[in-house]
Amino acid sequence: MTKKLLAGVLALCMVLLPVGCTKTSGGGSAAEKVVVNYGIDSELASMDAQVVTDGTSFTIIENTTEGLTQFDKDSNIVPAIAESWDLSTDGLTYTFHLRKDAKWSNGTPVTAADFIFGWKRLVDPNTASEYQFFIADTSGIVNASAIAYNGAALDTLGAEAPDAHTLVVHLERPVPFFLSLLLFPPMFPVNEEFYKSVGELYGQSKDSVLANGPFMLSYWEQGGTQISVERNPEYYAKDEVTVDGVNFVVAKDAQSALLAYKNGDIDKVSLTGEMVEQYKNDPEMKIVDGSYVWFILANQARAGLNNTNLRLALATAFDKQAICDGILKDGSMPANYFVPTKLANGPDGKDFRETAPTYLEYDPAKALEYWNKAKSELGVSSIEISLIVEDTESAIAVATFIQDAIQKNLPGVTIKLETMAKKARLQRQTDKDYDLSLTRWGPDYSDPMTYLDQFMTAKTSIGWHDTKYDDMVHEATYGATALDAAARWQLLKNIEAELLDTANIFPVYQKNNAILQKSYLTGIEEHVSIGNLFKHAIKTAK
Amino acid sequence: MSKYVLKRLLLAAVTLLIIVFVLFLMLQYMPGSPFNDEKLGKEQIETLKAKYGLDGPIYLRFLRYVEHMATGDFGLSYNIQKNVPIAEMIRGRLPISLRLGGQAVLLGAALGLLLGVVAALRHNTFLDTLCTVISVIGVSVPSFVFAFFLLYNLGFKAGWFPILYKVSLPFSSTVLPTLALSMFPMAQIARFARTEMLEVLGSDYMLFAESKGLTSLRLHVCHALRNVLIPVITVLAPLVVNLMTGSMVIEKIFSVPGVGSLLVTAIQSNDYNVVISLTFIYCVMYIGIMLVVDMLYGVIDPRIRLAKGKSHD
């Protein structure tokens, strides 16, 4: 009996093993084609540029589609579909001259009408785009706000195409960073005829979207864990594209992704938590510049936080450098500022951060002084403040460090930590139901204003009503200063000073990211405000 | 018999409706929205909610939803696959998860039965102890530990199977996840099978059958095993549920594009429709399996069939 059972088991094994016994080579690429295998951590949500909000979708769209302008490898704004442009002296009218050789992947030319159609989709309330604010609030295009919020007709949008290759855009006010808005997906063109031919399915499969950029989608299964792009033969600069395609491989588990990287299945993997420490001396470890700034929001309606000295004490009582070196260890930088580095260059050609001051540096002695003053002003000898934080490993570690530091350096202050899911934390912020909250902010476009305008009285959740701040932001956007690039740049620095001088928020760190990338893979263009661009990538092995 | 089936089906339908309603309620009270809470202001989120029909009183929304579900319209995804019909999303992913789960159950059940029967037949020998040890390990060690162990040794070091799910190797990619998922069912079934087999072997009808001179094979397969199967099938139903939840972790580790990982992502991003649809499907599967198990009893155990038959006369 047992002999027969044993025979049965052996037979089963003999069936299973050989089918699986294929020594897997990485990539799955054809012999001559050079394809980059890039590890990502979430699936492609949609290829509809006006509607997406996640990083993966943005990255893939940015590699298959071009707008009027683009970044060069040093993050300068250069022509893309628009080969040149003129700006009127009052700064209110742009005239873009489009390339005549730009084509969509189905062979039809890219025209000015395509941009107008895409922008109309973005501003149309029926599209329900989460990026509608981009055109309705930020871009300053005539009537965009009226169409979005006051029911004005779509046709009144301040853009027209006198001919197929000329696009005239009218602005309600000068927008110094307007050109930088055009390289973000919400402002990308859409071919109206193609859009109408696919209807509701637009952007949901590789056959229901067009490409006008260096690559086009070649493989995308609904909910699939691999998305592939290949060379777009209709791209006007197709001879400058140095790689044949990219496979975006979804690997959500950090350990599996790392094994896949070591096996050669993927050429890049993100490092998180403990892994950063493990691989810090690995020659393939790279620090990638990020622009998210983590900071603490202080609700001035609660816990005595409307007292300036208390806020100053709290903001300067923890060592940001120690957080970056001891906890994060991923190349993140201490933030004695709010507008991050490498976000935008001023009229002097220099990065904002290079010429702007720093604030709220760690100084335990000074912090104690502030706390003593606050104690007498508030008439207390101790105080309890809660700090809400999301339940990720790094956020909790940072919050715990800050709690320890404050309690040690400011005797009498008790910090109570409350951890919760990120969505819950965001809800508490919106409801203004918190004392302190550890949160972050990332850029929507390449100008310091994307960080600064959120604290206006109407928008903010920190219960801070500073008419001076509101006036300064208004002046920099709508006032006479907006017309003078140098004066505006200085005003932006003053706005940051107004925010941080009295510690209305407590900056903590600017997040950078650690990755492992194979040494045979180079040339990927990295920019802090958009995804990675692969058109000039070079892969020398395999 | 058919009256019984109808009654069970009706009960199942009512249960499902209640489950969906409770789920619907729970999701309404989850903080945040399906939209980008980090960047959007309160008014903007309210506008989006109105656009997607997320405003209005709960009971109206629920009725609207049930109406759609009855026609197979599970609604649209808000943020995982923007504006894609959920039915389509699930259609692509469900077969992979079912396949994984099915393979794990079959493998687990087959190996478990084998282990249990062998242990019982070689009661109190080294083989028995070995089988018991394997069972204990299988029950105690979480499936993701097995997953990483297999991933590292068979996937990375030996290179026999792909580490991440590869569409070009559909069978090969499911071997490791199946093995990892099958450990727990195998261990549970082995223990049950062993106990039952021992009991059956000691019963008087087995003694009678043996005294009739039946061959070992006929004795054990036709007579003993059939009796062992009844309690084993009882255990199988909750095990299948265990697989559904276990598959979420396994699918994430191996990057399998199945419904388990979709459910986790949907919960994390508040994609309400996806969460409700998937939970509904899970409930349907669970209730369906219980129903099937009930039917199977009638087939395997004539005593139940006869008892039911008698009661209808």
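## A walk through chains A and B

Of the 313 residues in chain B, 37% count as buried, where buried takes 20 or more other C-beta atoms within 10 Å of a residue's own, C-beta atoms being placed from the backbone. Keep in mind that this is a predicted model, in which local features need pLDDT of at least 70 and side-chain atom pairs count only at pLDDT 80 or more, while totals for chains, interfaces and linings use all residues. Residues are numbered from 1 along each chain as its sequence is written, and chains are lettered from A and ligands numbered from 1 in the order in which they are written.

Let's stay with chain B for a moment. It has twelve helices and zero strands; helices here are DSSP runs of H or I with at least four residues, strands are runs of E with at least two, and both are numbered from the N terminus. Along its principal axes, the C-alpha atoms of chain B fill a box of roughly 80 × 65 × 30 Å. If you take the contacts in chain B with a separation of 6 or more, 73% come from residues 24 or more positions apart, a contact being two residues whose C-beta atoms, placed from the backbone, lie within 7 Å.

One helix pair to look at is α4 (residues 86-121) and α7 (residues 170-201) of chain B, whose axes come within 5 Å and cross at roughly 35 degrees. Those axes are lines fitted to C-alpha atoms, for helices over the stretch in contact, and angles run from 0 to 180 degrees between N-to-C directions. The crossing of α4(B) with α7(B) is right-handed, that is, the near helix is turned clockwise from the far one by less than a right angle. The contact between α4(B) and α7(B) brings together 23 nonpolar, eight polar and three charged residues. For these classes, Ala, Val, Leu, Ile, Met, Phe, Trp, Tyr, Cys and Pro count as nonpolar, Asp, Glu, Lys and Arg as charged, and the others, Gly among them, as polar.

Now over to chain A, via the interface. In all, 46 residues of chain A are in contact with 53 residues of chain B. On the chain A side, α1 (2-20), β10 (245-250), α8 (254-262) and α15 each supply at least two residues, and α1(A) gives the most, with six.

Strand β1 (residues 35-40) of chain A runs parallel to β10(A), joined by six bridges, with A:Val36 partnering A:Val246. Strand β9 (residues 226-231) of chain A runs antiparallel to β10(A) through five bridges, and there A:Glu230 stands opposite A:Gly245.

Further along chain A, six strands form an open, mixed sheet in the order β14-β18-β13-β17-β15-β16; strands pair if DSSP finds at least two bridges between them. Its edge strands are β14 (333-334) and β16 (413-420). Helix α11 (residues 320-328) of chain A packs on this sheet, touching β14 and β18, with its direction at about 40 degrees to that of β18(A). Helix α15 (residues 422-430) of chain A also packs on the sheet, touching β13, β15, β16 and β17.

Finally, confidence: chain A has a mean pLDDT of 89, pLDDT being the predictor's confidence in each residue, from 0 to 100. Over residues 18-30 of chain A, though, pLDDT stays under 50.

Definitions and conventions
Buried ≥ 20, exposed ≤ 12 C-beta atoms within 10 Å, placed from the backbone.
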